[in-house]
Amino acid sequence: MITKEATVAAPAPVAVAPEPPRPAKGHRAWDEAPRWQIYLPLGVYLVFTLIPFYWILLFALRPAGSTSLVPWPMTSVHFEKVWTDRSFGTFFYNSVLVGVATLIMTTLVALAGGYALARFDFRIKRAFMLALLCSQFVPGALLLVPLFEIFAELQMINSLGSVIIAETVFQLPLSMILISNFIKNVPYSLEEAAWVDGCNRFRAFRVVVLPLLRPGLIAVGSFAFVHSWNHFLFALMFLNNQEKQTIPVGLNTLMSADSVDLGALAAGGIIAAVPVVIVFAFIQKWLITGFSAGAVKG
Amino acid sequence: MKISILGNSTGRGRRTSAAVALGAVLALTATACGDDGGGAGEGGEGSGKGKIIFWDNNGGVRTEIWKEIIADFEKANPDIDVQYVGIASTEYQSKVDTAIQGGGLPDVGGISASMLAGFAAQGALDPLDDRLDGSSLNGKLNKDMIESLRAAGGGDDKLYSIPTSANNGVLYYRTDLFEKAGLEEPTTWPRFFEAAEELTDKGANKFGYTIRGGAGSIAQALDAMYGQSGITSFWDSTGKKTTVNDPKNVKALEKYAALFKKVTPAADLNNDFTKMVAQWDSGEIGMLNHNLGSYQDHVKALGADKFRGIPQPVGPDGKRVQVSNPVDGVGLFKSSKNKEAAWKFIEFATSAESSSKFNESAGQVPAHLDAAKAEWIAKAEPTKLAADALTDGSTTIVQLPYYLPDWNTISKAENEPNFQKVLLGDMSAKDFLNGLAEQLNEAQAEWDEQMG
């Protein structure tokens, strides 16, 4: 039975931001530090970060057998090989399908579940939250056989749907916790004001709360996309048809038991990395805002 | 369930939406749980027509050649459709194990000696002795390879995999560097150690040898040990105690492990075959131990004229001793509902023509006797030398116990970290080999007990 407890949330008090502390006398402020103190460590860090990427680019772009440290003469033969001969075009398409569908499903379900967790109170809520958190400690490999059996029963082995559902299931707990925290950060009084103006709960949520959740939704959606893009295990286990496999599985087949085509492997790695890099380049601003907003208030 | 709504609430619709939202989440989460269920059930002979599924245990690099063989097969058998699934070798065992437990096994799969015991013990494979007896393949396949697969099957003396090829350990060395240094080819162990030292110039980043310290290190260390010690059997005369910790093997391992950092890069501690082959192909390292499988990679990287691939050096009495490499083959899964068609495919895939095509591409020794006489073998020097070594009596092969269900665990996860300790000097070769011997003797005793 559902009961209603009218616990009206008080309007959020207008916070007066305290003045930032002034730097103590004798201490040099960050903006007064010599530039080399900032750029030197950053430069060293960048070198360590970028060398592996350069190594991948080098192997992908230089001809097989070349030991040159610059990718010249440049060749696209490795890319052509993996894209056509090794079916990376198909794998890429499948990965995009799985990634986008997981993003949509995770975001929608996490939004609904997160809203319930943020706005409703019920007897097993704490236990439910604990269960959500505990589910993060269960490795996917442990659930492979039962999941496999369920999808086999549902005639879903060899269907991208099985991977999408499995990925969504494993993304949901964290996504729901994050979304519920974002929703808690939106003053309840805003929704109440919308109800007073004649909106029902869904419409109030859609026109008032949802626009304010943009950073959170982008964070959760991109996290779901990137995770499913990179995830290997479910695609390997649930998809048997070469035409259905995804990029991580294809990448894995570039290394055989006793032979490896490094040029093809590097080209495959770049193809796998590019969408993730592009996603992060476009959304990094919202991603940082989103995760920090979700992290502050529990 | 009692649900209270935080803040003002205006009715049943909101409660319903909350219940639906949570219900949807629980329903999705619930799909992550389920009962354990049926494994690989019995299949049937089928009509000999229709679709069969083939899982390749080393997918990727060999995908093209398998697709070619499948196209030939479908042309010869237009009423059978073969669906090829290439699976990376590192993931093959876990994928098959999952399918054995959860269902969904293919009709035919690549089954090498190293995986055979586990699959056979789970009852997933169909014995092939009777089918082979009635086949045109009978008498045409290398007997040693058949026996190797029969022995690896788990002790019931049945054949679960028809051999396609054998691999063999190869010592690759850079002919250009040897010539420049005026060194003789490393056909004996003293020459090998001498060349490793002579070719090392750490200041110039030149090394005589690259050692395998990461994944797969144990088999390579065993090869170096038995090769030097000349011991020809993995078990003593009682068959209950392993010879790995024989004093001769201990001494041989001490000498081999002492190469680390003295004549090898320090990064070799984590060398798996990929890193080891990559650095040999792109640097100035004199020698590398690997198998026939990487020959084509070396040709692409260095050109065929800059290196040679020869069998392991001979021991002190002029005899060569090597440890066995897993024989590869194809097997028929018990759950197949179209075994007649599946067997037709296995026969075709292991026939002289297909075996020749496949092994020319893989650079390995064909199991089919007629394929082993093909012209290409004479042109692929390491394959020819390996084939000769395996058949001309010059080499004694120490058979590793692939039949032990624990072999993969003992020779990999449980002892590779200890071998790294030996390389770093944190553990003596004697302690390492005594520990390894204890585990192997225990596993053998368990196996003997199970076999009655």
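**Note on the predicted two-chain model**

1. Helix α5(A) is followed by A:Gln155, which has a positive phi, near 60°. Helices and strands here are DSSP runs, numbered from the N terminus (helices: H or I, at least four residues; strands: E, at least two).

2. This is a predicted model, in which local features need pLDDT of at least 70, side-chain atom pairs count only at pLDDT 80 or more, and totals for chains, interfaces and linings use all residues. Residues are numbered from 1 along each chain as its sequence is written, and chains are lettered from A and ligands numbered from 1 in the order in which they are written.

3. The pLDDT (the predictor's confidence in each residue, from 0 to 100) averages 85 in chain A, and 86% of the residues score at least 70. Over residues 1-16 of chain A the pLDDT is below 50.

4. In helix α5 (residues 144-153) of chain A, seven of ten residues are buried, meaning that 20 or more other C-beta atoms, placed from the backbone, lie within 10 Å of the residue's own. Among them are A:Leu147, A:Phe148 and A:Glu149. The buried residues pack against α6 (160-184) and α10 (233-238) of chain A, together with α3 (89-102) of chain B.

5. Chain B has an open, mixed sheet of six strands in the order β3-β2-β4-β11-β5-β12. Because β3 (80-86) and β12 (365-366) of chain B stand at the edges with a single partner strand each, one side of each is left without a neighbour in the sheet.

6. Strands β2 (residues 50-56) and β4 (residues 108-110) of chain B pair in the parallel sense over two bridges; pairing requires at least two DSSP bridges. B:Trp55 stands opposite B:Gly109 in β4(B).

Notes
Two residues are in contact if their C-beta atoms, placed from the backbone, lie within 7 Å. A residue is buried if 20 or more other C-beta atoms lie within 10 Å of its own, exposed if 12 or fewer, and partly exposed in between; C-beta atoms are placed from the backbone.
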